[in-house]
Number of protein chains: 2
Amino acid sequence: MPELKGNLLVAQSGGPTAVINASVAGVVQEAKKYPAIQEIYGGLNGILGVLKEQMIDLRAEKIETIQALKHTPAAALGTCRYKIDFKKKPEQAAKDMERLFELFKAHNIRYFFYIGGNDSQDTAHKLHLESKKRGHDMRIIGVPKTIDNDLPHTDHCPGFGSVAKYNACTVMEVATDVSSMATDDGACCIIEVMGRGAGWIAASSILAKRKPNDAPHIVLLPEIAFDEEKFLAKVRETVERLRYCIVIVGEGLRKPDGTEFSADKSRLDAFGHPVLSGAGELLEELIHGKLGTKTRSVKLGYAQRCAEHFASETDSQEAAACGAAAVRAAVEGNSGFMVKIVRVSAQPYKWTTGLQPLGDIANVEHLIPRDWISEDGFLPNEKFVEYARPLLEGEVKVPMENGLPVFAVLDKKRIERKLQRRG
Amino acid sequence: MPELKGNLLVAQSGGPTAVINASVAGVVQEAKKYPAIQEIYGGLNGILGVLKEQMIDLRAEKIETIQALKHTPAAALGTCRYKIDFKKKPEQAAKDMERLFELFKAHNIRYFFYIGGNDSQDTAHKLHLESKKRGHDMRIIGVPKTIDNDLPHTDHCPGFGSVAKYNACTVMEVATDVSSMATDDGACCIIEVMGRGAGWIAASSILAKRKPNDAPHIVLLPEIAFDEEKFLAKVRETVERLRYCIVIVGEGLRKPDGTEFSADKSRLDAFGHPVLSGAGELLEELIHGKLGTKTRSVKLGYAQRCAEHFASETDSQEAAACGAAAVRAAVEGNSGFMVKIVRVSAQPYKWTTGLQPLGDIANVEHLIPRDWISEDGFLPNEKFVEYARPLLEGEVKVPMENGLPVFAVLDKKRIERKLQRRG
């Protein structure tokens, strides 16, 4: 494969994670090794900012700042949820493509790395196909990122290990709290976690359980239709036995009819809008109402996906390695692939990176296999534990000042515009 | 003061914290130094368990287990919210007192330490008065504990520094997340925190702000009546200027008429009960409804008061020191006092412990002084920052196994009963 000289553009997309910046660091640090890669640009706010020609010079950032991205949460370049949608918005999509390739040519972008989840890999795939069609020689590689862990073909996704670690720790800590308060009346606590339609995040709370009676006692996964009667019976039995019960619920829990449990349209807010009340709060009401047990809920929300102070070092290293692997793959002549993590050995845990065609990724949601969940559907089993446990190992070291973390702040030296402003 | 020989009883009461066990460790480790103190007992579930004669032998616990209490959250002895209430329940209160002194005599309890907040100090005070009345020679000292930081006469309360540290860190992390997602449409995030009628916890989120534009942008304190119009104007202005806005709300926020903001009785749950919906969620609806800005909320709930993995080492050391100081005070002949923390110097931060009569503590709620809050009421000022900053210094080191913390587990060797079971 002939050497391809030109500039590099990297951007971040979708929901932030604790380690998405580690992937940027991996891209930049690896890219500096190859003379063929000339300028290293960062696109602001994903493809949305790139369309506005908002790019910064990552070679101008201090070496220490790039390294510090490995302990900095969320998207340092900014992110977006913008889709290039040929089906629903064909005219806009065509205009966007025209604009992007105008920009790629004007700035001699020959390497493009898009760090993101399912939708972002779809965007990368479209750009790859378009580059072929237009004959613009360029190499496009997707870097996986999603706390939801629902990308196919990769063993797991960077971002997942850190949210799993933080949430499992929270479950252990909340369990000490609730159990120490529990008197004969009993007490429940519901912890609502993210993950949309996939239960990976909810399931990973199982790692808090070291002994059979430890929390979590019930994990409600979106993969298993919610059975109110069985659930309440299980809560009652647990409270009778242990005096307390810790329930984890994935936000995307579904009713038997397939609708979302939390999409309770029967309640309207002060402005007449339906309240998409959290699943956790609804379960709190349910348990208190039907069993009379004192129940509280916790909604970690955004706090769980950016908890750098307790991020997984394994996760951070893998995220950086995925960024570096993307650059290597591109320099070697590949385009149209997503980097994936391949588990080489379960015990001891060993991994490497591989490549998967982007066309295999888009619009496929990877859910928890049914045989990784207990028969009654209320807890992930030992297969899940074996899978998830190594991903939480190690703690990212974050420098502290006055007892609080210090994160990287990019200088963000802007790249001069070469295009007309978009109307 | 003549030496008083006898046994020691320590118990924990009220809501758990990240460092209430450090106070138990301080009591036990200090008590072992004095030959006058014979057995060292722990009462289970506070005074409620003591009434049931549920006590364990703390001398039988391994030295390492006692030391490990310093990095173990929540109440290792169990806790309760039981009050001895002579006003509302005089008969029960008299019965309880009779029972407690029967127990103190049967087990030769001469030293009693009660670790807790306002109500618990009140219980300790009543026991002290009762011991005088009954002529049972014993020494009773209260050890302060409350994340709410609302006890009077002490500079601050063990437990507060750790929740302040965890919450401020969470604000910094959530801010990186929300700001990296913010596009021209703007975004808000509401973080609801504990503290009941006092705003200390909400206010301490100000420590996340290192530069003027950093989060938090608005802190809603229970000390300042909520002004909807001014609040919405401030949110709008912040989103226009920064594209995002992080709001912290203390759960006990009040309306101008003095009622709790979250006590919205107009909504009923599925069972017809009024929903005490969180202040955070109500603000989420308010902002989305009135300004149309995308808004999410986080309710940390119990997670914030037991977050040992990011607890303050300063807080932990002070909590242990308060336990030790209580024992020293008692051995020296004192009874009827609460240990307090005295700030000796602001910069550098230096502290010591002192004693305050228990009668000065009960039923006094210490709130944030008005001149520690900005004129518009939306942010604590530099006086608050100077006060709170040193309390977050240092991180408690928690041992890890498979990437998750290992907490102390007491053996809980039970003390043989000497009384008739209570009917």
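In chain B, helix α1 (residues 20-31) and helix α10 (residues 313-331) have axes that come within 7 Å and cross at roughly 40°, where axes are lines fitted to C-alpha atoms, for helices over the stretch in contact, and angles run from 0 to 180 degrees between N-to-C directions. That makes α1(B) oblique to α10(B), since angles under 35 degrees count as roughly parallel, over 145 as roughly antiparallel, 65 to 115 as roughly perpendicular and the rest as oblique. Helices (H or I, at least four residues) and strands (E, at least two) are DSSP runs, numbered from the N terminus.

This is a predicted model, in which local features need pLDDT of at least 70 and side-chain atom pairs count only at pLDDT 80 or more, while totals for chains, interfaces and linings use all residues. Residues are numbered from 1 along each chain as its sequence is written, and chains are lettered from A and ligands numbered from 1 in the order in which they are written.

Helix α10(B) also lies across β4, β5, β10 (337-345) and β11 of chain B, running at about 165° to β5(B); contact here requires that C-beta atoms, placed from the backbone, lie within 7 Å. These strands belong to an open sheet of seven, in the order β3-β2-β1-β4-β5-β10-β11 (chain B), with mixed pairing. Its edge strands, each pairing on one side only, are β3 (55-57) and β11 (350-357) of chain B, where two strands pair if DSSP finds at least two bridges between them. Within the sheet, β4 (residues 109-116) and β5 (residues 139-144) of chain B run parallel and are joined by six bridges; F112(B), for instance, has I140(B) in β5(B) as its bridge partner.

Turning to the partner chain, the contact takes 56 residues from chain B and 56 residues from chain A. On the side of chain B that touches chain A, α6(B) gives the most, with twelve residues.

Key:
Contact = placed C-beta atoms within 7 Å.
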